Amino acid sequence: MLGYGPSEIGSTLEEWSQRLHPDDIKQCYEDLEKHLRRESPFYENEHRLLCKDGTYKWILDRGKVMEWDTDGKPLRVIGTHTDISERKRMEEALKESEQEKFRTVADFTYDWEYWINPAGLLVYVSPSCERITGYRNDEFINNPGLLTDIIHPEDKTLFEDHFKTRDSEPAHEIDFRIITLTGETRWIGHSCQVVHRKDGVCLGRRVSNRDITERKQMEEDLLQKTKDLMRSNKDLEQFAYVAAHDLREPLVAVASYLKVLERLSHNPIEDNGRKCIAKALHLVLRMDAMLQGLLSYSRLTLTPQSHEISDCNVCLADALSNLGFELKKSGAVVTNDTLPMIRINSSQLVTIFQNLIGNAVKYRETAPLRVHVGCVSQGSEYQFSVSDNGIGIEPPYLNRIFNMFERVKDLSGPSGTGIGLSTCRKLVERYGGRMWVNSNVGKGSTFYFTLPKD
Ligand code: ADP
């Protein structure tokens with residue numbers, strides 16, 4: 001088996017022990033002593049033995065104590081040696097081809113992967129590291145310090161702390177920056193995991209690094225744009241509020257002077273002058289009404305959202321009572337479904353009902369006015385409707401009337417500011433709802449709005 005003739009090899013135990021491969025000595029003696037302490041029924045160990053030609057052969061060594069003396073010491077042992085070199089060679093080849101397969105997969109990954117063995121040594125780095133960092137994989141293997149050297153100074157502590165605490169934990173992710181070979185800063189999405197064999201033995205730590213620079217850049221841009229948008233929205237709201245407030249002051253003064261002038265000009269020849277004054281006064285009062293509308297519109301976003309639960313039936317009753325005089329004058333018949341309880345500021349819901357029913361009254365036909373307030377449950381929201389048999393709205397205006405100051409052109413008759421519907425829509429949208437209208441010219445309109453149930 002080992003290449004010696006019978007005369008070339010002795011029969012002492014040393015003939016065996018001195019040929020044992022140094023790496024196998026420890027385990028071999030442990031197994032042997034275990035049996036000699038009678039802790040195992042027989043001894044078995046696989047180890048390498050030195051042959052005459054200087055090579056090693058793998059041997060399966062099995063033995064058993066056949067006789068013990070009265071002190072419990074072994075007297076006679078028998079054993080066998082089996083040459084298992086061929087089996088070992090095949091096992092090794094298989095292992096290598098498996099490793100080769102996995103290495104090929106890892107080599108072709110787009111991400112920068114690496115493997116740290118239980119002793120903390122970097123044993124594998126995928127070639128894709130060069131695309132991300134500018135450094136080749138052998139540079140990382142030969143200089144493990146490079147891994148931390150390239151971390152951005154502001155992220156070094158984060159990176160080191162991450163490696164201190166991760167051993168017992170499953171997969172863990174952090175984002176940090178690196179400085180590449182060319183001095184560029186890149187964002188890395190890092191995830192790592194300690195991997196164990198089925199029997200619990202730790203195999204090391206698997207690390208995967210992804211270049212997320214573009215994603216980070218987009219996130220930062222989006223954040224900046226959102227901030228800019230919020231700031232310009234705030235500015236606009238503030239501007240509308242201040243402008244409406246300050247612009248009203250001179251208007252109110254002009255209106256009072258015009259009123260005084262109107263009272264003073266009693267002379268019949270000044271009739272034309274009086275007509276002009278009356279027209280100017282009408283325009284000033286209209287402008288004042290528009291500014292007041294703008295003022296209350298801009299106040300909407302300045303008032304915080306309410307979380308009170310309101311009874312919509314009570315809100316509708318309040319709106320009808322506020323419209324009392326005009327409703328009575330129009331002879332309108334208002335009917336309604338039973339309405340639900342919802343989370344909304346009640347005075348805001350009163351405003352919505354009052355605007356919509358007030359419009360039905362303003363834009364009515366000659367036929368007796370009928371208004372119906374309906375409500376249906378639809379999934380997570382309620383859909384309200386306010387329908388009338390009024391003049392209706394021409395298709396091109398169906399969307400536009402919800403814009404500020406927008407009114408149906410050539411509308412002689414009812415006066416208005418064109419702010420009511422934009423206020424209603426803004427209120428509904430603040431609660432996450434939508435508002436729209438369906439209409440038939442000459443037949444009537446139905447305004448719809450949705451509000452979430454909770
Ligand atoms: P205002 O009534 O002050 O003009 P709104 O914003 O409430 O302002 O309405 C905008 C326009 O929509 C109105 O000028 C009118 O032309 C049209 N409108 C609103 N409600 C109705 C309705 N029920 N029937 C017909 N037209 C309507």
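Reader: Where does the charged end of Lys88 sit?
Author: Over the ring of Trp58, 4.4 Å from its centre. That label needs NZ of Lys or CZ of Arg within 6 Å of the ring centre and within 35 degrees of the ring normal. This is a predicted model, where local features need pLDDT of at least 70, side-chain atom pairs count only at pLDDT 80 or more, and totals for chains, interfaces and linings use all residues. Side-chain values use heavy atoms, without hydrogens or water, and residues are numbered from 1 along each chain as its sequence is written.

Reader: And what does Arg131 lie over?
Author: The face of Tyr110, at 3.6 Å from the ring centre.

Reader: Switching to ring pairs. How many aromatic pairs?
Author: The count is 10. Rings of Phe, Tyr and Trp (its six-membered ring) pair if their centres lie within 6.5 Å; planes under 30 degrees apart are stacked, over 60 edge-to-face, the rest tilted.

Reader: What about Trp16 and Tyr29?
Author: That pair is tilted, with 6.0 Å centre to centre and 50° between the planes. Trp16 lies in helix 1 (residues 13–17) and Tyr29 in helix 2 (residues 25–36), so the pair ties together parts 13 residues apart in sequence. Helices here are DSSP runs (H or I, at least four residues), numbered from the N terminus.

Reader: Is Trp16 buried or exposed?
Author: Buried, at 14% relative accessibility. Tyr29 is partly exposed, at 29%. Buried means under 20% relative accessible area, exposed over 50%, partly exposed in between (1.4 Å probe, protein chains only).

Reader: Which residues cluster through ring pairs?
Author: Trp112, Tyr114, Tyr135 and Phe140. Both Trp112 and Tyr114 are buried.

Terms used: Helices (H or I, at least four residues) and strands (E, at least two) are DSSP runs, numbered from the N terminus.
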